[in-house]
Amino acid sequence: MASAEQSPVPLQHRSLCSRVILLARKIHSDVASLLESYVERQGLDRTISLDSVDGVPAAAMEQGGELTVAERLDANLQAYRAFQVLLGEVLEEQRSHLTPLDTDFHASIQSVLLQVVALACQLGELLALLGHGRPAWEAASPEDPGHRSLFEMKLQGLKVLQELAHWTVRSVRDLRQVAKHSQGSGAAHGGQAQKE
Amino acid sequence: MWDNPSLRCLLAIAFLHLLSLIYSQETGFPEEPGNLKCITHDLNRMICSWDATSSANLGLTYKICYTNSEPFSPVCTETEGKRADLPVAMGSTNIQITTLNASGTPLATETFVLPEENVSLIPFTPQILNLSADFSTYTLYLKWNDSGSVFQHELDASWQIQILYKETMETVTLINYESKLTGKDSILFWNWTSDIPLECTSYYVKIRCYINELYFTGRKEWSEWSPVRTVPEKDTKPNSAMVFPQDKVVLVGSNVTFCCLYNEGKSVKFMNYGSESYPLLRLSKWSSAIKVQNVNASIPSGTNILCSLVPDDLEGTVLFVGYAPDTPQNLNCETRTFITITCSWNPGRPTALYTKRQTKYILFERISREKVTCKVDELNEKHHCDFPVHANQKIYNFTLGASNPLGQAESSLLIDVNQRVHLETPDKFTVSTNSSTNAHLSWYIPGNFIKIRLLCQIEISNSNSEQQLNVSMAGAENSNYRARVDALHPYGTYTFRVRCSASEYFWRWSKWSEGKKLTTLEAPPARGPDIWRQRSPVGETLTVFWKPLLLSEANGIILSHEVSCYLRERMLKAYEVPVPLNSTEIKLGGNDCLISVTAKNRAGSSPPSRITSVDLPSDNVKTELAIATGNGIYISWHSDPNVTCGYTLKWCISSGSEPCSVDWEMFPSNAIDAVIKSALFQPGVRYNFSLYGCKHNGYQLLQNITGYMKELPPKVAPNFTVEETSSDSILVKWEDIPVEDCQGFLKGYILYFAKGEKGSSKTSFMEEGSPELTVKNITDLTKKSLRILDLQGKTSYRLDLRAYTVGGIGPSKDLYVVTKENSVGLIIAILIPVAVAVVLGVMTSILCYQKREWIKETFYPDIPNPENSKALQFQKNICEGNTALKTLEMNPCTPNSVEVVETRSTVLKIEDTEIISPVADSELPEDGSDPGTGSHVVVSYCPPIIEEEISSPPIDEPVGSSQVIYIDIQSMYQPQVNPEEEPEINFVTTAGYKPQMQLPINNTMKMESHAPTEEDLDKTAGYRPQANTNVWKLDSPDSPVSIQSNNENRSFGSPCSINSRQFLIPPKDYEDSPTPNNTGWSFTHFFQNKPND
């Protein structure tokens, strides 16, 4: 009887994890093609060094092995929330300064932006489902784009898209871990943070 | 005496001269002043300085007394320094400088006469008040005071401005600047634009001045350089690496310098413009640059300039390259509402610049001096601008200015707003009606048109017509406009739409309003229907027909027809016949009456159509033929003077199983012909018409007419048969074609006939184009048979009969007929040759009988004389004279005798093709390859020959007997020996000529199997049969095959041998040759090999 009551929760985990993974893959695919058109329209080279560009969440995980499920999901959520803001800036800069007539290109960015918003929502939902509660929106304080040169805007946009692509890869990996963990923990309450 | 000025002057000069003499005597003192130099900065005062040694006497002072030309009294001053400030005087100045010691005792005195030429004019050193830089435009702005107040009057001043850059202060440029000093201080401005962004390195500026005073005769020199002013530095220890210029906009084709500033400890790895790397120019230790020439238009997001630094860092900037705005083209300003004037234009060449760099447009009106900024939707490429209409202004002088960071352009247009009215599309368009012939239209046009009249065009269209109606009306403000349209057709469906323009000055029509449909109300039918009546054969009933009214006549939906029967204005009967019936039957009951028919719709009844039921009797009604016109039937008739109320032509068209539908057409009394057209008429169908004449007392049938709309060829071929045949004629009979298959009026038949076997050809005569084709045209339609004459007996003929109309020739039908044999002719054909033969036989017999002795002597002598033998003569001719038979010629041929070599063998039997001719020993090969063979026979070939065999008699025959055998050439080729039966003979004894046809193919094989005797056989073989194809080798002489070939190939079995004796009788040489190297046949080879052999 007890198991019958608890069984929907892991199912929901897995279902939600699958959806998040699917969405992350979709974003990854879209961002890959968006990157192609981005570098073409900005006259940039994909091999260009972007080390000088900061303010973009880096996907590289330094202590990946030590993060809990909640920390993983939280990191993902915070990153996508940041990308939500950054993509909005990129879109606005393209509209206002760089490619004002290229509405198809803007639509592509807009599409990725919406998917990122959806992904952030799903991650928040997953966190809530795991009993961690949705973390508060840490109001990002993006750089004032007014002080950026157009070249910096271009580099910033490229970095945002590249890191977003990396993040989607990381998210797929993280969500697999989460799914595995929720499977391992069976019907038990998955709300508690577990050390991996 | 002192009052005399001249005298006083002379005395003063003398005094001074005396003084100078006194002082000059004192020269040689170290304190004596010398080397006097005077300069002036303002042409008012001058500063004089001199040299004097004062090393031993400290506390020396100098007393300077100077005298200008006036006043004469010298002015003296004392100074401790060796310089004095003196006034500048015109002409020359006498200056006496006395060196005084501390106690005031003069030590030395020197007097100078200083002419103006020795005074130098050196302006004050100018001071730069301000130096500022506009980094966006690479421009330096310089401001300084010209110190014009120093001089009392106007002067020309020249300024030199020197620009230096880099740490090493290299001169960039030196510029001269002219100004005028006005006697008071003025601030001068000057600016300079650099090729290189000012941020790239430090810039320094200094100036100096030169006063060009024409009336000053002294030296004029440049002032000292002003102190250097520096442009605020950016290349010295920048906070972070940067590339300049930042986000700059330049013209296509410009040369642009980009510099990269970087921090200490870094260096530039490369700098790229777009994807191309450029050589670095070092500006300072923290700055490098590249120079890009003739830049192309950039993409919308600009061209990137990258500066890659070591250690790993990247900086960059974006350059926008485009064009200055083009002159706005096709500027057009018009008002739609009299509230605003809308100007639109074509921007011309794209600038390749977007967003804030895109072209901005300002519309300026010169009369009102009002301007509006135009919003341009680049995405939709719409360029227009609205300017308000002013109440009391008619004329507007617009100037449209276009500007972007690279330049500006403008275009102007002067308009009278009243002449540029382009109204908005009429809105809220409604159409209504309350009658059958008119409609009310209403529409709305936004705008204030109180001052003008409007011209509106109303388009009225229905399914088959379209007309436009112009309506002029007074303008109103934001008002509805109304119009009424008359003369519409009742129950007509119309589509209305409207457009408007200014009436007085037409400029442009507005767009059409949306279309609105309207159907007018019904009205009573315009006229009564066309009617006809037909009395039944018995005459008891009368069928009344009427035609439906056209839509334009019906004025609505016809609901029914009312049929009434009047007798002397009294209505006997009335019938209401609903649609769609178009006929009704009336029982007359033996009385004739006047039939009246009216059509009814919702609005009322039509005027009645009337017709009498009376039929007048007709006599001798003829049937005439009508003429097909292709799309109608032309009918003509004779005018009848008794016909007073017109003619009626009636016909009936039947379709399928339905009863035929009666149709008619009425014509006036003076008509004599008509072309009847109907959509129901079909080509090839016969129609019957009845022409009635309307007389005062009734209708009379005048004529029947038959016709076609279009005649076609007959549908079928006539059935025809052969009734009778003889050896030279055929009687053909045919039947009529049914009327429905004629498809036209039959004009005749065409009979084709020609020799032809059944089944030999299925194509028609026309296609065959047979030369023996005979055509007979039968135009007499009453004729139903035809006899074809002059035919050959016992011959097959093909007949083809076709009918034809005006529309063409119909299909054909074939018959094959064989004429009978002509027996008389046959008999004659037999008898004549027999008779001739008999006659000839008789005559020959008689002749032979008469010449029997001569014949006997000639052909059958008792003792045959060979000389007289025809046969032998023939042979002789062949051998001697006929060069065409060289092959048969023997040389010498005359000895065609038979020489019998003495032998003990049995007598050789001469058989058909084996002609054994012993040849003398001298003709045998020298080597005598087989001399020992006693029985060999050499055969000379010269067929046909008659050989006389004189040989020892066979054992069983008496010796000395001889036999002559005559062989004709034919018999030579007769096989005499069965090769299968006597193969041995072939190899051993059958030497000599062998007909090619007789030589067995496997001869070679057999010869090979008899190898030991092969050579002998060859030696005696003579001519080798050509049929032995195995030895016909075509190999080249040098081919290995040839070399390895068998000896048997030495016999030349060439096909040409028939013409060459040499081939037929192989030379001895060949027989001796141990290694024959050519078995193939070749003349050249043959002769070449011969010497070698």
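**Figure 1. Helices H3 and H4 of chain A pass each other in a left-handed crossing.** In this predicted model, the pair is made of H3 (residues 69–98) and H4 (residues 103–129), both in chain A. Helices (H or I, at least four residues) and strands (E, at least two) are DSSP runs, numbered from the N terminus.

Figure 2. Chain B has 15 helices and 67 strands. Of its 1093 residues, 42% count as buried (under 20% relative accessible area; exposed is over 50%, partly exposed in between, with a 1.4 Å probe and protein chains only). Among contacts in chain B with a separation of 6 or more, 65% come from residues 24 or more positions apart; a contact has heavy atoms within 4.5 Å. The average pLDDT of chain B is 78, and 73% of the residues score at least 70 (pLDDT is the predictor's confidence in each residue, from 0 to 100). Residues 875–889 of chain B fall below 50, and that stretch has 28 contacts in the model beyond near neighbours in sequence. Residues 902–1093 of chain B are below 50 too, with 253 such contacts. For the model, ipTM is 0.86 and pTM is 0.58.

**Figure 3. A cis peptide bond between B:Val310 and B:Pro311.** Omega sits at about -5° here. B:Pro311 belongs to the loop linking strand E24 (303–310) to strand E25 (313–322) of chain B.

**Figure 4. A cis peptide bond from B:Val579 to B:Pro580.** For this one, omega is near 10°. Look for B:Pro580 in the loop between strands E44 (570–578) and E45 (583–587) of chain B.

**Figure 5. Positive phi at B:Phe338 and B:Thr355.** B:Phe338 isn't a glycine, yet its phi is about 65°. Its loop runs between strand E26 (329–335) and strand E27 (340–346) of chain B, and B:Phe338 is buried, with a relative accessible area of 16%. B:Thr355, also not a glycine, has phi near 50°. B:Thr355 lies in the loop between E27 and strand E28 (360–365) of chain B and is buried, at 13% relative accessible area.

**Figure 6. B:Glu154 and what it touches.** B:Glu154 is in the loop between strand E10 (139–145) and strand E11 (155–165) of chain B. With a relative accessible area of 53%, B:Glu154 is exposed. Leaving out residues up to four places away in sequence, B:Glu154 touches B:Lys180, B:Leu181 and B:Thr182. B:Glu154 and B:Leu181 are 27 residues apart in sequence but 5.2 Å apart in space, C-alpha to C-alpha.

**Notes to all figures.** Residues are numbered from 1 along each chain as its sequence is written, chains are lettered from A and ligands numbered from 1 in the order in which they are written, and side-chain values use heavy atoms, leaving out hydrogens and water. As this is a predicted model, local features need pLDDT of at least 70 and side-chain atom pairs count only at pLDDT 80 or more, while totals for chains, interfaces and linings use all residues.

Technical notes
Axes fitted to C-alpha atoms, helices over the stretch in contact; angles between N-to-C directions. Left-handed = near helix turned anticlockwise from the far one by under 90°.
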